[in-house]
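The sequence and the model come first.

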Amino acid sequence: MGERETWTTEEFGSSHAGAVGVLLADGSVPAPVFFGMSSGAGGQSVSQWSVYDGGSAHGPRAAELRAVCSCGWNGPEHRLDWDAIGERRLVEAADGTADTCLEDWDVHTAEVEQSAIPLPETVTALLAQLQEEIEKLAKTSPLAAVRAARRLEVTAVQVGYWPAHDARRDTTAEQAAAALGLDEDAARKLMARFGGWSPYR
């Protein structure tokens, strides 16, 4: 996978990293485009959607753009009208299409959040209130806000310890990942961090 711009959410991180994906006219996904260094060996592989303009120095010409996610989800295809694009740079001509892909991915992450295990409204409200209070505190006393954030961090570790152990005993890795909205590796590491065991055992 070549380098490209990706999107993540605070809660789901790399488990649901999104990007603009490219499809060619035959429906295939193109390989990353290699940009060699002007002097010496080496270079960089790039799969950013905007390099697929069919130019002689770049890769093949994109036929469609779609949102893609590291979890394997793909969004709907959005066709590129090359007659309308003409001689304009793809990064400018299809910027609106790329924004539509981001919106599609936003819908996907909202669905992931909906499918995760729900939190009681009281807990959600308390967390939102606590965040608001710490942000208010930061305006008058940044150090006090840092201390509050640190206390919150300590509290999270304390209250998460036994639930992590109970969940490890009572659920499979697949069930835990689905409930948390994460991939199995990320869920395993999260549970290990709260439970205080090695994620590699």
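Read along the sequence, the chain runs β-β-β-β-β-α-α-α-α-α-α-α. In total the secondary structure comes to seven helices and five strands, where helices (H or I, at least four residues) and strands (E, at least two) are DSSP runs numbered from the N terminus. The model is predicted: local features need pLDDT of at least 70, side-chain atom pairs count only at pLDDT 80 or more, and totals for chains, interfaces and linings use all residues. Residues are numbered from 1 along each chain as its sequence is written, and side-chain values use heavy atoms, with hydrogens and water left out.

**Overall dimensions**

The C-alpha trace spans about 60 × 45 × 40 Å along its principal axes. The radius of gyration of the protein chain is 22 Å, whereas a compact globule of 201 residues would have one near 17 Å. That radius is taken over C-alpha atoms, and the globule rule is 2.2 Å times the number of residues to the power 0.38. Of the 201 residues, 29% are buried. Buried means under 20% relative accessible area, exposed over 50%, and partly exposed in between (1.4 Å probe, protein chains only).

**Salt bridges**

The structure holds eight salt bridges, each defined as a side-chain nitrogen of Lys or Arg within 4 Å of a carboxyl oxygen of Asp or Glu.

| Residue | Partner | N to O distance |
|---|---|---|
| Glutamate 77 | Arginine 66 | 3.9 Å |
| Arginine 169 | Aspartate 170 | 3.1 Å |
| Aspartate 185 | Lysine 189 | 3.3 Å |

Glutamate 77 and arginine 66 form a salt bridge. This pair links distant parts of the chain, 11 residues apart: arginine 66 is in strand E4 (64-69), and glutamate 77 is in the loop between E4 and strand E5 (78-79). Arginine 66 counts as buried because its relative accessible area is 14%, while glutamate 77, at 43%, is partly exposed.

Aspartate 185 and lysine 189 both lie in helix H7 (residues 184-195), four residues apart, about one turn of the helix. Each is partly exposed, aspartate 185 with a relative accessible area of 34% and lysine 189 at 37%.

Arginine 169 and aspartate 170 are both exposed. Together with Asp166 they are linked in a network of salt bridges.

**Surface patches**

Patches are made of residues with over 30% relative accessible area and no salt bridge; like charges are joined within 9 Å, and nonpolar side chains (Val, Leu, Ile, Met, Phe, Trp, Tyr) within 5 Å.

Which residues form the negative surface patch? Asp95, Asp99, Glu103 and Asp106 do. Aspartate 95 lies in helix H3 (residues 95-115) and is partly exposed, since its relative accessibility is 39%.

The nonpolar surface patch consists of Leu119, Val123 and Leu127, with about 260 Å² of accessible area together. Accessible areas come from the Shrake-Rupley method with a 1.4 Å probe, and for residues only the protein chains shown count as cover. Leucine 119 is placed in the loop between H3 and helix H4 (121-140). With 53% relative accessibility, leucine 119 counts as exposed.

Note on methods: Lys, Arg positive; Asp, Glu negative; His and termini not counted. Charge placed at Lys NZ, Arg CZ, Asp CG, Glu CD.
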